[in-house]
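Dear colleague,

I am passing on the structure we talked about, together with notes on what turned up in it.

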Amino acid sequence: MKQSSNRAFLSGNAAIARGAWEAGVRFAAAYPGTPSTEILEYCGTYTEIDAQWSVNEKTAMETVIGACYGGARSLCAQKHVGLNVAADPFFTVGYTGVNAGLVIVTADDPGMHSSQNEQDNRYYAMMAKVPMFEPSNSQEAKDMTKAAIKMSEQYDTPVMLRTTTRISHSESIVNLGERETAPDREFVRDMGKYCVLPHNARVLHIKVEERLKKIAEFGNNCEFNRIESGDNSIGIISSGVSYSHAREIFPNASYLKLGLTFPLPTELIKKFAETVETLIVIEENEPFIETAVRVLGIKCIGKDRLPVCGELNPDIIHKSLKDLVEETMPELTKMPDVDIPVRPPVLCPGCPHRGIFFMLRKHDCTVTGDIGCYSLGAFAPHNAMHTIVCMGASITNSLGLEKAMKEKIHGKLVAILGESTFMHSGITGLIDTVYNKGRHVTIILDNSITAMTGHQQNPASGSTLKGQPAKVLDFEAMCHACGVTNVHTVDPFDLKAVESTLKEALNDSEPSVIIARRPCFLLKSYKPKVQLVSINRNKCVKCGICWKLGCPAIEVNQQDGKTQINPTLCVHCGLCAAVCRPGAITQAKEEA
Amino acid sequence: MTTNILLCGVGGQGTLLASNLLAECAMEAGFDVKKSEIHGMAQRGGSVVSHVRFGERICSPIIRKGECDILLAFEELEALRWTEFLKPGGLVISNAQNILPMSVSAGNSKYPTGITEKLASCSADVISVDAIGKARELGNQKCVNVVLLGVLARRIKEIKPEIWPEMIKKMVPERLQELNLKAFKTGWNLA
């Protein structure tokens, strides 16, 4: 942690972890997901917090629920779509309430920088009737995490903390505090509170409604919802990062700055609206606040002018509300007239997934994909992934395709997912496939780490978030136990073995699994012995087969059109030598 | 007065450490600071950008188009890509390194030529430096980020010169300090 005296420059995620530590949190759990991942990583840096990677968001949520019932102040964190996975226990803990404080972080991703949708999780707070804080910067992220724990215990409720990418991954200055000592609490058996049998749940629901009324009252008078008086000709209601953007464009306006956005402070909104001439609600994605304002019968400018899709930023706010802004748009630099090639992310040099996609494309397989680094297999030049729905969907998507297309797709169909995603929610799909007589091939890419989010440990890694040794899951035994007879294990760098195994599996009349096992090349602990790769450019016939590997180290020489290998990027994995037909690229037999 | 600096490059070039150092130095100099960047997908060799803003009070963590004072580009094509954020007459410091995106290395598009001249023609003040060459001379091309930070630091009058090496000592692991201090000095004296 970077810090000088009692101030530190922290990301929103680091500030949430710091807030949890200061609030006396003892237990934290999550499954990694951008932009939430670092929250648990930072929690893990505090010796007083027992932090763990769970196998999915639901198990994380259930574990923190148990921990808070057991008397530990707790935190769980997930990206917005992760809360979909954890929604079932989330709704229930809304009813049971807590014992020690519980804060549930949802990190939304407006603009979909690394997500499949931009769902606005503020509606989850409303639907589960769980109060919600929305910080606007790192200081507030820390303060609101502490306030959430306090509110959780005071009102016997879990509390949601909703960030967005620009809060989680922006950094700003934070004043640090000391760690509070949490009072000792133990689990007290209380069937009426903790067992949501229908007759208990009916009672609990009434309590939830009463609780919400009390918190709404609190919201009308709390430090997190405040009127910042300015020129009353324009009044702005805003929250989260939108507030910071709005401040750039309307520096002199009056503001109702909301930090506790569910339940919304209706009295405060009415009071504020009465004092201003033109009322604007500035928020990202859905009209969450705006709808509530309109329900109160108050006229406002909102999504009629501001976009629902994508992130907001000062430029978009300025453009959308041009006639209300005093300043003109900034003058822009005149851009030269030149085509700028795009630079999308690519599979890294030495990535063990590359050869698999090469073979899937070669055999023209229909591939149902999943969420991870390997989602990049959908892009050119691989073009070897044809559906991506959500975590774990690959296997059951294939099963569904088979149900619809039967023999038209048999022998061509492959589901592909990483080992972390398989454990997250692929296992149930595999059991389903066996039980319901699917026969597609499932490929598990086991690179021993949750790589896309930046290398988080999982049950394939052999260690925990805290760096403790851990048992490694036996994937072969797991697949056998699901009912798969033919489980193959291959080294994805051995293209011949990959091809023969794939052919055999595709022809199988039963479901089969191929486990392609090799660690992520970027793993610090992974130091493979290398055999040097070299190219004799005189032999290159420009057939282009090596270009189909999509390796950043393989380049087309701009003058002669032949292949060249970029020596600073090449890691000598040897795939290009394995596919090179004229023998221009070769790999030494001895280790270097 | 707010100073807006955009750092851009290709995933893996070390833009994040450079932007961290810059932000910490601005904080040490007594400014309010905000920084914003995108993690995740962008790390896999994609285009990456960090917004760093400092001044008396900073609200939004994002720099507006046309308001960037200095663009520090770790790669020439990325300099071109992010120039639309530059204020007219703003400064571009560009590392004279070309990393071919997949579309170019696969032969589907052309890497633009004469980027420095193109940038100069669009009212930008351009400093092109061979930071990657200097980093290699220092024995570790990974310190290209701190060489570039040195070039940038000399142009930021609001932060006292002695703050930079102090913060490098504070933030870089001990075994890499000497290399990075040398890299910083090389950059400072480069242009």
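In chain A, strand S17, helix H19 (residues 495-507) and strand S18 make up a right-handed β-α-β unit, where right-handed means that, with the strands pointing away from the viewer, the path from the first strand over the helix to the second runs clockwise. Helices (H or I, at least four residues) and strands (E, at least two) are DSSP runs numbered from the N terminus. S17 (residues 486-490) and S18 (residues 512-517) of chain A run parallel and are joined by five bridges, and strands are said to pair if DSSP finds at least two bridges between them. Within this pairing, A:Thr489 has A:Ile515 of S18(A) as its bridge partner.

Before the rest, a word on conventions: this is a predicted model, in which local features need pLDDT of at least 70 and side-chain atom pairs count only at pLDDT 80 or more, while totals for chains, interfaces and linings use all residues. Residues are numbered from 1 along each chain as its sequence is written, chains are lettered from A and ligands numbered from 1 in the order in which they are written, and side-chain values use heavy atoms, with hydrogens and water left out.

Sheets in chain A

An open sheet of seven strands in chain A has the order S3-S2-S4-S5-S7-S6-S12, with mixed pairing. Its edge strands are S3 (50-53) and S12 of chain A, each of which pairs on one side only. Inside that order, strand S2 (residues 27-30) of chain A runs parallel to strand S4 (residues 74-79) of chain A, and four bridges join the two; A:Ala29 stands opposite A:Cys76 of S4(A).

Strand S7 of chain A holds A:Thr163, which at 1% relative accessibility counts as buried (buried means under 20% relative accessible area, exposed over 50%, and partly exposed in between, with a 1.4 Å probe and protein chains only). Apart from its neighbours within four places in sequence, A:Thr163 is in contact with A:Ile16, A:Val105, A:Thr106, A:Ala107, A:Asp108, A:Pro135 and A:Ser168, contact meaning heavy atoms within 4.5 Å.

Strand S10 (residues 231-239) of chain A runs parallel to strand S13 of chain A, to which five bridges join it, and A:Ile236 stands opposite A:Ile280 in S13(A). Because four of the five residues of S13 (residues 278-282) of chain A are buried, this strand is largely enclosed by the rest of the structure.

As a reminder, most residues other than glycine have a negative phi, and most peptide bonds are trans.

The bond joining A:Phe262 and A:Pro263 is cis, with omega about -5°, and A:Pro263 is found in the loop between strand S12 (260-262) and helix H12 (266-275) of chain A. The bond from A:Ala380 to A:Pro381 is also cis, with omega near 5°; A:Pro381 sits in the loop between strand S14 (366-368) and helix H16 (393-405) of chain A. That loop between S14 and H16 of chain A also contains A:Phe379, which is partly exposed, with a relative accessible area of 44%.

A:Asp156, although not a glycine, has a positive phi of about 55°; it is found in the loop between helix H7 (138-155) and strand S7 (159-164) of chain A and is partly exposed at a relative accessible area of 32%. A:Lys542 likewise has a positive phi, near 60°, in the loop between strand S19 (533-535) and strand S20 (554-556) of chain A, and its relative accessibility of 45% makes it partly exposed.

A helix pair in chain B

In chain B, the axes of helix H1 (residues 15-28) and helix H7 (residues 163-171) come within 10 Å and cross at roughly 120°, the axes being lines fitted to C-alpha atoms over the stretch in contact and the angles running from 0 to 180 degrees between N-to-C directions. H1(B) and H7(B) are therefore oblique to each other (angles under 35 degrees count as roughly parallel, over 145 as roughly antiparallel, 65 to 115 as roughly perpendicular and the rest as oblique). Among the residues making the contact are B:Leu21 and B:Cys25 of H1(B) and B:Trp164 and B:Met167 of H7(B).

With best wishes
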